[in-house]
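Q: Please take a close look at the charged side chains. How they pair up, and where, is what I want to follow.

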Amino acid sequence: MFAVLIVVSMLSNKRDVSLGYDFNEPTETFILPDILREVSGITIRNKHRIVCVQDENGILFQFDTKSKEIAMQSYFGEDGDYEGVCKAGSFFYVLRSDGVLFELDNQFMKKEEIIAEEEAPAIGETAVKQYNRLLIISREKSPHTHSNVRLVYAFDLAKKQLSKQPAFTLNPFSGKWKKQSDLLFRPSELAVHPLTGELYVLSSKDHALFVFSANGKIRTIQLLNPTIFNKPEGIAFLENGDVYISNEGKDEK
């Protein structure tokens with residue numbers, strides 16, 4: 001089964017659909033090239049360019065949603081288990097599963113030669129004024145929390161330090177959502193909604209989207225149709241609130 005990239009638009013009418021999206025009727029679906037079958041994270045470069053990382057190669061792929069092809073690929077490191085990617089100002093950040101964070105600037109994204117990790121440029125003042133931190137969530141629980149609770153830490157872009165205390169403690173199975181505690185809640189990606197500030201957390205194992213308020217309280221749990229979202233791993237928003245969700249391929253093509 002091919003990896004797919006699905007875009008779901010915000011609804012302009014008053015249909016009673018949770019969160020303002022109809023996840024059963026995506027606006028558009030893109031079948032990704034075979035090299036992105038194990039896509040593990042996505043972010044937005046511009047309206048028609050989705051930057052993707054997959055969990056085997058140290059390569060950033062730019063997928064063009066107009067041509068429906070990879071427009072550029074940029075090598076930044078050796079093969080490894082890469083889990084997430086995001087854009088902050090003019091910089092891109094890639095997180096490897098062992099906790100190594102790569103910082104790449106826009107000039108790098110125009111190149112195709114390998115750039116070593118220690119040669120990645122430092123962040124500039126302009127980006128710091130617009131974006132002050134990255135949010136990093138673990139797939140597994142902390143030894144200091146209950147099984148369903150996940151901690152979110154902040155990486156300060158100015159100080160280049162990870163916070164010692166969690167920025168959020170997310171417990172999805174509280175209040176009226178206790179009945180959903182049969183779900184695993186193993187986060188595969190986190191993104192902040194550009195209009196509401198809410199935290200959107202995908203759990204691929206559950207085929208579910210967990211939405212938390214800006215202060216970390218569970219708002220809703222949206223179960224995703226596994227026929228459409230076979231293995232949801234990456235999530236990213238356009239500025240108008242439209243959401244892209246990337247899905248790894250499963251088994252054979």
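Charged pairs

A: Lys-68 is partly exposed, at 46% relative accessibility (buried is under 20%, exposed over 50%, partly exposed in between; 1.4 Å probe, protein chains only). This is a predicted model: local features need pLDDT of at least 70, side-chain atom pairs 80 or more, while totals for chains, interfaces and linings use all residues. Numbering runs from 1 along each chain as its sequence is written, and side-chain values use heavy atoms, without hydrogens or water.

There are nine salt bridges (Lys or Arg side-chain nitrogen within 4 Å of an Asp or Glu carboxyl oxygen). In one of them, Lys-68 pairs with Glu-28, with the closest N and O atoms 3.9 Å apart. Lys-68 sits in the loop between strands S5 (58-64) and S6, and Glu-28 in strand S2 (28-31), so the bridge ties together parts 40 residues apart in sequence (strands are DSSP E runs of at least two). Glu-28 is partly exposed too, at 33%.

Arg-139 meets Glu-83 at 3.6 Å, N to O. The former is in the loop between S10 and S11 (150-156), the latter in S7, so parts 56 residues apart are tied together. Glu-83 is buried at 19%; Arg-139 is partly exposed at 27%.

Strand S10 (133-137) holds Ile-137, which is buried at 18%. Its C-alpha lies 4.6 Å from that of Val-152, 15 residues away along the chain.

Glu-103 and Lys-160 also bridge, at 3.7 Å, N to O. Glu-103 is in strand S9 (101-105) and Lys-160 in the loop between S11 and S12 (161-162), so this pair ties together parts 57 residues apart. Glu-103 is buried at 12%. Lys-160 is partly exposed at 36%.

Technical notes
Helices (H or I, at least four residues) and strands (E, at least two) are DSSP runs, numbered from the N terminus.
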